Amino acid sequence: MPTPFDKPILVTRPFLPSLEEYQRGLREIWDNAWLTNNGPVLQRYTRRLESFFGTPNVCLFNNGTLALQIGLQGLKIEGEVITTPFTFVATSHALFWNRLTPVFVDIEPDTYTLDPAAVEAAITPRTTAILAVHVFGFPCRHAELSAIAARHGLKLIYDAAHAMGVTVDGRPISHWGDLSMFSFHATKLYHSIEGGALTFADSGLKKTFDYLKNFGFENETEVVIPGTNAKMNEFQALMGLLVLDHLPALIARRREIVARYRERLAAIPGIRLPPLPPSNVAWNHAYMPVEILPEFPLCRDALYEHLKTYNVFSRRYFYPLLTDFPCYRDLPCRDPLTVARGVADRILTFPIYHELALDDVSRICDCIADR
Ligand SMILES: *Cc1c(COP(=O)(O)O)cnc(C)c1O
C-alpha cells in the first residue's frame, strides 16, 4: 500500500525564476521609479510577446478576464454568443459583463471543445459570435468553426487561457479567429503573477484596446471612450519576461510528466485517457485530465476524496458545468449538453507542475490504483 505524501501535492504550483534574476529586474524598476502605465519593462515585454506570437497585434492586461471582457467590447459584440459550458466561469462571466447572452452548446468527447455541428444548430438571427475555449490546451476545430462563422457572418473568438505555447502546423494558435485571449495567472502553465493578453487579426483594434484598458485616455486632457482600468504593471511584466525564457523547458518537463501518467494509468481499467492531439499540434501539456468510468471501482468524487487521504489534491476541472451555476441556470438552453454533462461527471485532473518528480507521479498512480 502506498504511503501518503508528507507534504500536500497540489494540482499546480507556479514556476518561479531565480530570486536573483527577479531582483535584478526590480533594481531597474526602482531606478526608473515607473511602476505602471505602460512602463519600459511592459514595453519590452510587449515586444517579446509580439515576436513570440508572430504578430504586432498584441495587447497586455492585468488579468485574462478583463482582457476577454475588453476584447468582446472592442469587437462590439451584441446579442447572443454561442459558447461552451465546459470551462472556467470567467469565459461566460466576460459575456455577462458585456450584457451578452451566452448560448451554451455541447462539446466533443475527445477534446472537450465546442462541437461545430452543435454550434451551427444553435445559430439564431440574434447570434453575433462564437466564443470557443481551447480547454486544457486542446485546440478547437478551427477549420469547421471558422467556416461556420464565415457562412453566418459571426465573429470567432477564442478563450485561449490554457493554450499558451500551443502551436498548430508550426504556428502559434494565437492567429486563429478574430481574437484570442491568453491568461497569465499564477495557476496557469505560464504566468506573469496575474496577467492576460489579447492577440487579434484587425490591427485597427489595438488603439481601441489601449483606450479601453486605460480609462479611454488619448492624452492628458482628452478622454475618447469610457474605458476601465485593466493595465498590466511593471512587476507583472518583469515576471512574465523572465518566465517566458523558461516556457520551452516548462512544456518539455510537463511532457515527461504526462508521458509517465499515461504509461502508468493506461493499465488501470476504468480510467479513460483523452487521446493526445494529432501530430501537427504541439500541445503544451497544460493539464492532466482523465475520465473516471463506471468500470473503475470508485466513482469520480470518491476517488477525488480517496486521493486526499494520500495528501494528493486533484481537481474536478470543469465541474459543475456553467449551466448548473445559479447565475446561468435559468437561461434557456435548447441543447441537452449530453456529452458535456457526462464529461463533467467523469472528469478529474491530476497534479502537474515542473517540480513534480516522475517518481512522485508513479506514486500518485499507485495511490489511484490502490483502493
Ligand atoms: C484562468 C481562466 C480565465 C481567466 O483568466 P484570469 O487571468 O485568471 O483572469 C478565463 N478562461 C479560462 C478557461 C481560464 O482557465
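Predicted model: local features only at pLDDT ≥ 70, side-chain atom pairs only at ≥ 80, totals over all residues.
Residues are numbered from 1 along each chain as its sequence is written, and side-chain values rest on heavy atoms, with hydrogens and water left out. Local features require pLDDT of at least 70 and side-chain atom pairs count only at pLDDT 80 or more, whereas totals for chains, interfaces and linings use all residues.

Glu80 lies in strand S2 (residues 80-83), where helices (H or I, at least four residues) and strands (E, at least two) are DSSP runs numbered from the N terminus. Glu80 has a relative accessible area of 15% and is therefore buried, a class defined as under 20% relative accessible area, with exposed over 50% and partly exposed in between (1.4 Å probe, protein chains only). Beyond its neighbours within four places in sequence, Glu80 is in contact (heavy atoms within 4.5 Å) with Thr101, Val103, Thr124, Arg126, Thr127, Thr128 and Ala129. The side chains of Glu80 and Thr124 are joined by a polar contact of 2.8 Å, and the C-alpha atoms of Glu80 and Ile130, 50 residues apart along the chain, are separated by 8.9 Å.

S2 and strand S3 (residues 101-104) run parallel and are joined by 4 bridges, pairing being assigned if DSSP finds at least two bridges between two strands. Within this pairing, Val81 stands opposite Pro102 in S3.

Asn98 is located in the loop between helix H4 and S3 and, at 18% relative accessibility, counts as buried. Not counting residues up to four places away in sequence, Asn98 touches Gln69, Leu72 and Gln73.

Definitions and conventions:
Polar contact = N/O pair within 3.5 Å; in protein donor to acceptor, adjacent residues only side chain to side chain.
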